[in-house]
Amino acid sequence: MPSSEQVIKEEILIPPYEGRSILVRKNEALIIIDVEGKQVGDFVCFNFHDAQEYVSPVHMRASLSSIRLKIGDGLYSNKRRPLMTFEQDTVGKHDFFFPACDYYRYKVDYNMEDHPNCHDNLKNSLKSYNLDHLPVPDPINFFMNNKLNDLGDYEICEPLSKPGDYVQLKAVEDVVIAVSTCSQDMAAVNGFNVTPLKLQVLSSNG
Ligand SMILES: [Zn+2]
């Protein structure tokens, strides 16, 4: 949430089944709010000045020696340095293990041709910054509740997030981020119901 020294510079509501992108300048904060609860947000992040550098979950898992996201963690890039840091979290359960849902998820697993999907939502939203010609990086899936047991088997459960829960990130560099309201409405991942997310960019007051 904004501190007394911060003001909301920009706010975007991401409707269900869509994506949005936004520029976050170095030292600004980004808040992602789960407006109605139980909604996963697929998140990608590019270095604004070098589109060949982006937040990379596989490098995060290596650099953090973890598949769990904790306060103070860096969001590491494919160049092995943090582009953002994880500052606040009212939920405590997120995922950076799974790919975005995509055309093939709905085609192969459900035989559906035209289901909205996070990959395309993210790609479309990145047109605003001319980044849609690049491969969409693997996402961080905020609010996704992927339960792993001791054997390494997993189960995807409904998110633990309640209405108004949020995460807050801080930009280490100028970054372009994109978020998709995960469009999977036939599984527990979003509680079988796709709902909006809200983005806020906070800048320092003076
Ligand atoms: Zn999705």
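**Exercise 1.** What percentage of the 206 residues in the protein chain is buried?

*Solution.* Start with the ground rules. This is a predicted model, where local features need pLDDT of at least 70 and side-chain atom pairs count only at pLDDT 80 or more, while totals for chains, interfaces and linings use all residues. Residues are numbered from 1 along each chain as its sequence is written. Next, the term: a residue is buried if 20 or more other C-beta atoms (placed from the backbone) lie within 10 Å of its own, exposed if 12 or fewer, and partly exposed in between. By that count, buried residues make up 41% of the 206.

**Exercise 2.** Check the radius of gyration of the protein chain against that of a compact globule.

*Solution.* The radius is taken over C-alpha atoms, and the globule rule is 2.2 Å times the number of residues to the power 0.38. For 206 residues the rule gives a value near 17 Å; the protein chain has 16 Å, so the two agree. Along the principal axes, the C-alpha atoms fill a box of roughly 50 × 40 × 35 Å.

**Exercise 3.** Find the helices and strands, then trace the open sheet of six strands.

*Solution.* Helices (H or I, at least four residues) and strands (E, at least two) are DSSP runs, numbered from the N terminus. The protein chain has three helices and 13 strands. Two strands pair if DSSP finds at least two bridges between them. The open sheet runs in the order 1-13-3-11-7-6, with antiparallel pairing. Its edges are strand 1 (6-14) and strand 6 (74-76), each pairing on one side only. Now zoom in on strand 1: eight antiparallel bridges link it to strand 13 (residues 197-204), and isoleucine 12 stands opposite leucine 199.

**Exercise 4.** Is strand 2 (residues 19-24) largely enclosed or in the open, and what about helix 2 (residues 103-110)?

*Solution.* Five of the six residues of strand 2 are buried, so the rest of the structure largely encloses this strand. Strand 2 also pairs with strand 12 (residues 175-181), antiparallel over six bridges; there, isoleucine 22 has isoleucine 177 as its bridge partner. Helix 2 has zero buried residues out of eight, so this helix lies largely in the open.

**Exercise 5.** Which is buried and which is partly exposed: tyrosine 17 or phenylalanine 143?

*Solution.* Tyrosine 17 sits in the loop between strand 1 and strand 2. It has 17 C-beta neighbours inside 10 Å, so it counts as partly exposed. Phenylalanine 143, in the loop between strand 8 (140-142) and strand 9 (145-148), has 27 such neighbours and therefore counts as buried.
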